[in-house]
Amino acid sequence: MSRSIVALLLTLVVLVASLLLLNEGPSQSLQSGGSDHEPLVLFCAAANRSVIESICRQYEEEFGRRVLLQFAPSQTLLSSIEVSGTGDLFLPADDDFIDTAREKALIAEVLPLATMKAVVAVRRGNPKSIRCLDDLLRKDVRFVQANPESAAVGRLVKKVLTFQNKWEALEDATVGYRHSVTDIASDLMVGSADAGIVYDVVLHGKTELEAVDLSELKEAVSHLSIGVVATTKQPPLALHFARYVAASDRGLVHFKQHGYQVDKGDAWSDTPELSFFAGSMLRPAIDDTLTAFEKREGVRISRVYNGCGILVAQMKSGQKPDAYFACDTEFMNQVPDLFPESLAISQNELVILVQKGNPHQISSLKDLAQEGLRVGIGHEKQCAMGLLTQTTLREGGIQQQVMENVTVQTPTGDMLVNQMQAGSLDAAVAYLSNAAGAGDTLDAVRIQGLKCSVATQPLAILPDSPNSHTAKRLVDSLCSKASQSSFLAEGFRWQMRESEVQSDGK
C-alpha cells in the first residue's frame, strides 16, 4: 500500500512540474540583438545541461541567434510538449523518450548524438568503499536515485535491474528519490547522501565526486538524440541548430569534451548540399518530395536525372553522389563498392504505349512485329528500361522479330513519350509511369504473363558521405506516406515495407 501511495505522489509531482514548466517561461535565454527570428526553444534533460549550454554559447556567437533552454526531467519535458504543443527541439536523456514522442507524432526529424552510461557517484576517495551493488544495500550507506517515473536514468536503471531481479532490493534500500541527476550530485557534494546513480557525464568537472562502475550497470547505456518538434513554426531554423549540435566539427566536439561517446556526425555546413543521382523515370514521383525537403531542412539538393546506365558510367568514372535512386536493381548492383546496401522502394512495370484508341490493335508483344510498325524502346546500355525490355523480349521469344521494327532507342522513357506524341512512332515499350501524364494522347497496353517485365527501384546512401545523416533523413522523407502517395499517383507500385524504414541514423 505504501508503495502505491508513493507512486501516486510521484505521478502528481510530475504533473505539477509539467504545468509549472509551461507557465514559468524559459529557464535560460541566450540572446542576441542581431536576429530577426523568434528564439528557438529547446526542451533539454537536466543531465545534458553543461554540454548544451556550451554549444548554445558557441552557436549564438557564430550566428547571433537566440536559443531558450528549458531544463527538467525527460518525462516532464515530453509531457510539456504534448500538453502545450510548443517548442522547437527536444533533447531527452535517453532515446526511449524520443521513441515515445515519435509514436505520439510529437517530433519529426531525429539526429543521433552520443551515448552516456549510468554509474554510481560517490564522494572523492569513495569513503564508504562502494564496490558492488550489494554495498548500496548496506544500512550505513545513504543511497539516493532519480525518480524512475520522470528521469531517464531512473527509468533505465529500473529496467536493467528488473531484468536481473535486483530492482526491488535496491528500491528498498533507497532513502530518497530526486528530481534529476543534478540533484543527486548536489546531495553528494553537500554530504546529505553517500551514493547515487547518475550518468557518467554529470560528473564532468566535479572534482569532489568520482564514479564507480558496477557490473550490474554494464547494460545501462543511454543513446542520445535531438528531435525537431513536429509543430515548430520555424523548421529550417530548428534543423539548422539541430545539425549544428550533431555536427562532427561543432556540437559533437563539445559532447566529446564533456565525456560522451559521440556518434559519427556530418561535417558542418551552414547550407548543406546533397548530390542526388536518380533514374529519369523516377523524377515525377520524387521531385516534389525533394523540393519540400530542401525547404524544410534549409539545404540544397543537386539533382542529376538520367538513364541509369549513364549514371553508372559517371559513378565509375569517379563521381560519388550522396544518394542514388536506381530504376532497377541491376544498375544498383553495378556499383556495389559505392552502395553496398540499398532499400527496395517501389516497382514499375513495362507496358506498350500506343496512340489513343490503339489504331494498330496492339494487344501483346508479338504484335510489335507487325510489318511496317515503327517501334521505340530504351537503350539497353544506357537505361534500366532498355535492359529490362531486351530481357522481356527475349523471354517472350520474339526479340529478333521486334528488333527489326525498332527505329529508335533512347536513354529515357520520356523521350519515347515525346516521339509518340509527335507521331514519329506507332508503339513504344516504356514504363507505366511514363504514361501517367500522357493519358489524353496515349494508351498503355499491359504485358501479360512475363514477370521479368517488372522492375524494382532501390535507393541507397553513400556510406562515407560527409552528409550521411542528412541523406538518411532524405531517405526517410522518400519513404514517407506522402511520398508513397506520389509514387502511386504516377503509376508505381509501393514496395517499401514500414518495418524497413530505420530512423535516427541507426
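# Briefing: burial, ring pairs and fold of a predicted chain

With a relative accessible area of 74%, Asn165 counts as exposed, where the term exposed stands for values over 50%, buried for values under 20%, and partly exposed for what lies in between, using a 1.4 Å probe and the protein chains only. The model is predicted, so that local features require pLDDT of at least 70 and side-chain atom pairs count only at pLDDT 80 or more, whereas totals for chains, interfaces and linings use all residues. Residues are numbered from 1 along each chain as its sequence is written, and side-chain values use heavy atoms, with hydrogens and water left out.

**Overall form**

- The chain holds 17 helices and 21 strands, which are DSSP runs numbered from the N terminus (H or I of at least four residues for helices, E of at least two for strands).
- Its radius of gyration is 29 Å, well over the 23 Å from the globule rule for 506 residues, and the chain is therefore more spread out than a compact globule; the radius is taken over C-alpha atoms, and the rule is 2.2 Å times the number of residues to the power 0.38.
- The C-alpha trace spans about 100 × 55 × 45 Å along the principal axes of the chain.
- Of the 506 residues, 54% count as buried, while the chain exposes about 21900 Å², of which carbon and sulfur atoms supply 49%; these accessible areas come from the Shrake-Rupley method with a 1.4 Å probe, and for residues only the protein chains shown count as cover.
- Among contacts (heavy atoms within 4.5 Å) with a separation of 6 or more, 77% come from residues 24 or more positions apart.

**Aromatic pairs**

- Rings of Phe, Tyr and Trp (the six-membered ring for Trp) pair if their centres lie within 6.5 Å, and planes under 30 degrees apart count as stacked, over 60 as edge-to-face and the rest as tilted.
- By this rule there are eleven aromatic pairs.
- One of them joins Tyr244 and Trp268 edge-to-face, with 5.1 Å from centre to centre and 75 degrees between the planes.
- Tyr244 belongs to helix H8 (residues 235–246) and Trp268 to the loop between strand S11 (261–262) and strand S12 (273–279), so this pair ties together parts that are 24 residues apart in sequence.
- Tyr244 is buried at a relative accessible area of 0%, and Trp268 also counts as buried, at 13%.
- A further pair, Phe255 and Tyr260, is edge-to-face because the ring centres are 4.9 Å apart and the planes stand at 85 degrees; both residues are buried.
- Ring pairs also link Tyr59, Phe63, Phe241, Tyr244 and Trp268 into a cluster.

**Helix H15 and its cover**

- In helix H15 (residues 413–422), the residues Gly413, Leu416, Val417 and Met420 are buried.
- Viewed down the axis of H15, the buried residues fall within an arc of 100 degrees, so they line one face of the helix, the arc being that of the directions from the helix axis to the C-beta atoms.
- An α-helix has 3.6 residues a turn, so residues three or four places apart point the same way.
- The elements that cover the buried residues of H15 include strand S15 (343–355), strand S16 (375–378), helix H13 (384–395), strand S17 (406–410), strand S18 (427–431) and strand S19 (442–446).
- Just after H15, Gly423 takes a positive phi of about 85 degrees.

**Asparagine residues**

- Asn348 sits in strand S15 and is buried at 1% relative accessibility.
- The side chain of Asn348 makes a polar contact with the side chain of Ser433 at 2.6 Å, a polar contact being a pair of N or O atoms within 3.5 Å, of which, within protein, one must be able to donate a hydrogen and the other to accept it, while residues adjacent in sequence count only if both atoms are side-chain atoms.
- Leaving out residues up to four places away in sequence, Asn348 touches a set of residues including Met281, Tyr431, Ser433, Gln457 and Phe492.
- Asn165, in the loop between helix H5 (152–163) and helix H6 (167–173), has a phi near 60 degrees, a positive value in a residue other than glycine.
- Asn358, in the loop between S15 and S16, has a positive phi of about 50 degrees although it is not a glycine, and Asn358 counts as buried at 15% relative accessibility.

**Alanine residues**

- Ala220, in the loop between strand S9 (209–212) and strand S10 (221–229), is buried at 0% relative accessibility.
- Apart from neighbours within four places in sequence, Ala220 is in contact with Met116, Lys117, Ala118, Leu156 and Val160.
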